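Keep the structure open while reading.

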Amino acid sequence: WIKGSGDQDEDTTCSVAWCDYRRKICKKMVVGTDVDAQEFFFGPQWPGKGWVRWIHVDATRDLDRLSLLRLVVKYHLHPLAVDDILANRRQTKIDRFADHYFVSVDLLALAEVDAIEESSKECAQNSGAVVPITTVPVRRMYPRAPQRVKIHRSHVSIIMPAGGGDNIRGRRSGFVDGSQQAYDCLITVHQERPDESSWLSLWRRPTRGAELPSQDDMWSRLQDDLLSEPARRMREQGADFLLYEVLDRIVSELQPISEAYARRLGFFHQHQLDLNAAMLNELSEVQLELVDLQRSIKPMRSVVRHFISEESRLNAASRMYMEDVGDTIDRMMDDVAQLQQMCRTLGDAHERAQDKRTNDTLFVLGVVSAIFLPAQTITGCYGMNFVDQGGNPGMPELTWQNGYLYFWVLQGVCLVVAVLLFATLHRCGLAFYRRLCPCFCRKRAQQ
């Protein structure tokens, strides 16, 4: 690998790394010791016959336009592809130019929630604003709860120039016919795309300055697999197979996201009767996040279908492996649809539980009101202040010597009769319901 930065500081610019490999050899070089960056940019486009070159531009910190323009001049890239790389806000798509492919793909990976919380707190301290974190109330109530799902969003631009004419490996293996092109170079540009680039930033409050680090580096794993011994299948194929490896690993990063959402929603299902305001807000946000995730996955299917079709210039082996990527995308779409159904089920179950609680409360209030209704009627009757012409009470019971005692005795009798009447009606109604629904009786017996 050769790493080179522009004329600026290495910490503030992007790095350019490349690797030349074939079936039995994989060269690893470092700038300053083996090959100079200037020698690479102004050197030959392809390493030679039977070799494949992979150039990776790590622009996660910042894009060095000088290095990008050097690659543009060296490999004769189309101006539209360069504009898409510089904009860094394009959707997933594929463009086929005269002599090279350009693919723009969103890279979504599961982020570390603890690191996000620390970055958000640090950002709040620096700006003086309080950044609310939805996971804090849930984590305090349930320390063993699964973490809040956060997605690290970045962008990858893939350019596959046409071969220089010396790479005949595909034709010898029988995978390339006269209508297909042998590719021996692949250029990848990885750029950070903050959460503000998503349309969800209009819905939620943005956390400026908070970085979203991914759990693992996909490019480091790909580099290790390429340099591993014995050689893997990647070093036996051309750059179009390396394109399949990159797309396959980008799509594979989506599986941990769906699994994390499933664990989180499963936890909500176990505590659906105890959902507080923070959980309900998170549940509504998860529904929007799943829609945004679905919008990011759908264009990938179109890209892969183009490479699978007969119109693509890839060889037969690479197109066959691309079909596996398409199947993975279809499974991810099904998983997202299932997660959306889980969110709707949780919302409906919570609404039914709330309605049941309200109905139970109203039922208890109604029973209490019905029990005390006779007592209230008697109290209202004897509470009327009617008098005759002489000023004496109009009700003779009010002049009795023990009238007050008789009043409370009557109230107690009415209360006992109301309770016995309610218990009798409840028992008769339950017995009648058991006759109509035998399964209800079995469930009550099990409980």
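This is a predicted model: local features need pLDDT of at least 70, side-chain atom pairs count only at pLDDT 80 or more; totals for chains, interfaces and linings use all residues.

R153 belongs to strand β7 and D292 to helix α10, so the pair ties together parts that lie 139 residues apart in sequence. Side chains of opposite charge can pair when their charged atoms come close.

A salt bridge also joins the side chains of R148 and E282, at 3.5 Å from N to O. This pair links distant parts of the chain, since R148 sits in the loop between α5 (135–141) and β7 while E282 sits in helix α10, 134 residues apart. R148 is buried, and E282 is buried too. What does the search of the whole structure find in the way of salt bridges? It finds 15. Among them is the one between R53 and D20, whose side chains meet at 2.7 Å, N to O. R53 is in strand β4 and D20 in strand β2 (residues 15–21), so this pair links distant parts of the chain, 33 residues apart. Both R53 and D20 are buried.

Is strand β8 (residues 185–192) largely enclosed or largely open? Seven of its eight residues are buried, so the strand is largely enclosed by the rest of the structure. In a regular strand the side chains alternate between the two faces of the sheet.

β8 pairs with strand β4 (residues 52–59) in the parallel sense, over seven bridges. Within this pairing, I187 of β8 is the bridge partner of I55. Strand β7 (residues 151–161) is joined to β8 by six bridges, and these two strands run antiparallel. Here H190 of β8 is the bridge partner of V156.

## The nonpolar cores

The largest nonpolar core has 61 residues, and the members that touch the most others are L186 and F307. Helix α10 (residues 277–308) gives the most to this core, with ten residues. In soluble globular proteins, nonpolar side chains tend to be buried together.

Which residues does L186 touch, leaving out those up to four places away in sequence? They are R53, W54, I55, I158, I159, M160, A239, L242, L243 and V246. Another core, of 24 residues, lies apart from the largest one, and its members include V16, F40, I55 and I85.

## Helix α2

Helix α2 covers residues 65–75, and its buried residues are S67, L68, L71, V72, K74 and Y75. After α2 comes H76, which has a positive phi, near 55 degrees.

Which residues make the nonpolar surface patch of about 580 Å²? They are F363, V364, V368, F372, L415, V419 and F422. The most come from α11, with four residues.

F372 lies in helix α11. Its relative accessible area is 38%, so F372 counts as partly exposed: that class lies between the 20% limit for buried residues and the 50% limit for exposed ones.

Key
Residues are numbered from 1 along each chain as its sequence is written. Side-chain values use heavy atoms; hydrogens and water are left out. A nonpolar core is a set of buried Ala, Val, Leu, Ile, Met, Phe, Trp, Tyr and Cys residues joined through side-chain atoms within 4.5 Å. Buried means under 20% relative accessible area, exposed over 50%, partly exposed in between (1.4 Å probe, protein chains only). Contact means heavy atoms within 4.5 Å. Two strands pair if DSSP finds at least two bridges between them. Patches are made of residues with over 30% relative accessible area and no salt bridge: like charges are joined within 9 Å, nonpolar side chains (Val, Leu, Ile, Met, Phe, Trp, Tyr) within 5 Å. Accessible areas come from the Shrake-Rupley method with a 1.4 Å probe; for residues, only the protein chains shown count as cover. A salt bridge is a side-chain nitrogen of Lys or Arg within 4 Å of a carboxyl oxygen of Asp or Glu.
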